Amino acid sequence: MRVGIVGYSQSGKSTLFQALTGVAPDPAAALKGQIGIAKVGDDRLDFLTGMFKPKKTTPATVEFIDTPGLIPGQKADNPQRIATLRGADGLLAVLNGFSDPKEPAAQLESFRDELLFADLEVVTNRLTKLEAQGKRPKSAADRERDDKEIEELKAVAERLESGQSIAGMEFSEETGKIIRGFQLFSLKPEIVVLNCSEDTIGEPPLDGLKDLCNGPTGVAAKLELDLAELDGEERATFMEELGVTELAKDKLIRAAYDILGLISFFTVGEDECKAWTIDRGTTAVDAAGKIHSDIARGFIRAELCNYADLVECGSMKEVKAKGLQRLEGKEYIVADGDIINFRFNV
C-alpha cells in the first residue's frame, strides 16, 4: 500500500512524513517522490508475539511518499510537483490549521482544484493525440473505437473543467481501461489531515471543513515527531503527561486501511509471527500468493482460525479442541484477523 502526502508549502506535510516514517525529509529526493516506510501498529500482532514467542516479529507496513509543497496559484508548476503521486493508492492531504479558521477549508478546495487541473491536463493531452491520429488512414473498427474514446474523454474533460470529480461516471470497457491507466487523482481515495496545535485536537471541525470532508483528522505534526523520536518508556511517560492516548500515526494508518479497503491476516509460529496486508475480498489462494507464488501454485487447503477465537480460547490447542480451527479451499474469502497456515505441494 502506498499513500501520497500532499499539501501546500508550510502545511507541515514533511514534518508529518518524518513522524510517520522516521525518514528525514530531503527536498532533492522529494522532487522525485521521497519514500518512507511506516510500520503498522497492531495489538493483535503484539498478542500473537506474546503467545508464540517467535524469533522474529514482522508487522505490516505502509509506504508514504513525500513531494514538494504546492505553491498557491502556480498552475503551471503544481501538476509536475504532484505527478510522482500518480502511482499512489490514496492521498493524504495536509492542511495548515495555524492560520485563519476559514483558511483550511479554502486550502482544501484549492488543493482539490489543483488535482482536477492536473487530471484535465492528462485527459486533454490524450484527446490531442487521438485527434491528431484521426487524420491518418485506419480501419473502420479502429476509427470507431477511437471515436468512442474521444466522445467519452470529452465528457470527462467537460466534467473536470466544471470542477467536478469523475467518480461514478460510466465508460465503455476499452475507455475504462485507458482511464484507469491514467491513474487520475480525482479517482483516488482521500484522507484529510488538519495540522494544528495539540490544544485544539478533538475540537469541532473549523469553518467550512465539515461540509467538505468526513473529519478531518486533527494532528499536531511537530508533537508527533517529538514523540516518535523518544524511546518507548520515555514516550509513554510523556504521552501520559500530555493526556495523549494514541499516536496519530496509528489513527492515520487505520484510516488508510479503511478507505483503501484493506485488512490483515497473520501467519504464526516459533520462527516468525507476521502480519500480511491484503484487499478486502481476497481469496485464500490469492492470499497465499502474497507469501510466495509457489504456495499459491501448489495450494491444497488453508488451515485457519480467527484471532478473536484464539484470544477467547487462550491457546491453539484449545481452539482445535473446540472445533474452531477449520480447513478452507481456494475460493474462501479471507477475513480480517484470520490466522492461517497454508497447506501446499509443489
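**Pocket, sheet and a buried glutamate in a predicted model**

Helix H10 contributes 6 residues to the lining of the largest pocket, the most of any element. The structure is a predicted model, in which local features need pLDDT of at least 70 and side-chain atom pairs count only at pLDDT 80 or more, while totals for chains, interfaces and linings use all residues. Residues are numbered from 1 along each chain as its sequence is written, and side-chain values use heavy atoms, with hydrogens and water left out. Helices (H or I, at least four residues) and strands (E, at least two) are DSSP runs, numbered from the N terminus.

The largest pocket holds about 860 Å³ of space. Its lining counts 38 residues, and the closest to the pocket centre are Lys39, Val40, Gly41, Asp42 and Asp250. Elements giving two or more residues to this lining include helix H1 (13-21), helix H3 (43-52) and strand E8 (262-267). A pocket is an open set of points on a 1 Å grid over the protein atoms alone, where a 1.4 Å probe fits, with protein on both sides within 12 Å along at least five of seven lines; lining residues have an atom within 4 Å of a point. The volume is the space filled by probe spheres set on the points, which are joined across faces, edges and corners.

An open sheet is formed by 6 strands in the order E2-E4-E1-E5-E6-E7, with mixed pairing. Two strands pair if DSSP finds at least two bridges between them. Strands E2 (34-39) and E7 (217-219) stand at the edges; each has a single partner strand, so one side of each lacks a neighbour in the sheet. The twist averages 30° from one strand to the next. Strands E1 (residues 2-6) and E4 (residues 61-66) run parallel and are joined by 4 bridges. Here Ile5 stands opposite Asp66 in E4.

Helix H5 (residues 103-133) packs on the sheet and touches E1, E5 (90-96) and E6 (190-195). Its direction makes about 145° with that of E5. Helix H10 (residues 248-260) lies across E1, E2, E4, E5, E6 and E7, at about 160° to E6. Axes are lines fitted to C-alpha atoms, for helices over the stretch in contact, and angles run from 0 to 180 degrees between N-to-C directions.

Glu149 lies in helix H6 (residues 140-161). Glu149 counts as buried because its relative accessibility is 3%; buried means under 20% relative accessible area (1.4 Å probe, protein chains only). Beyond its neighbours within four places in sequence, Glu149 is in contact (heavy atoms within 4.5 Å) with Arg126, Leu130, Thr175 and Ile178.

Methods
Buried means under 20% relative accessible area, exposed over 50%, partly exposed in between (1.4 Å probe, protein chains only).
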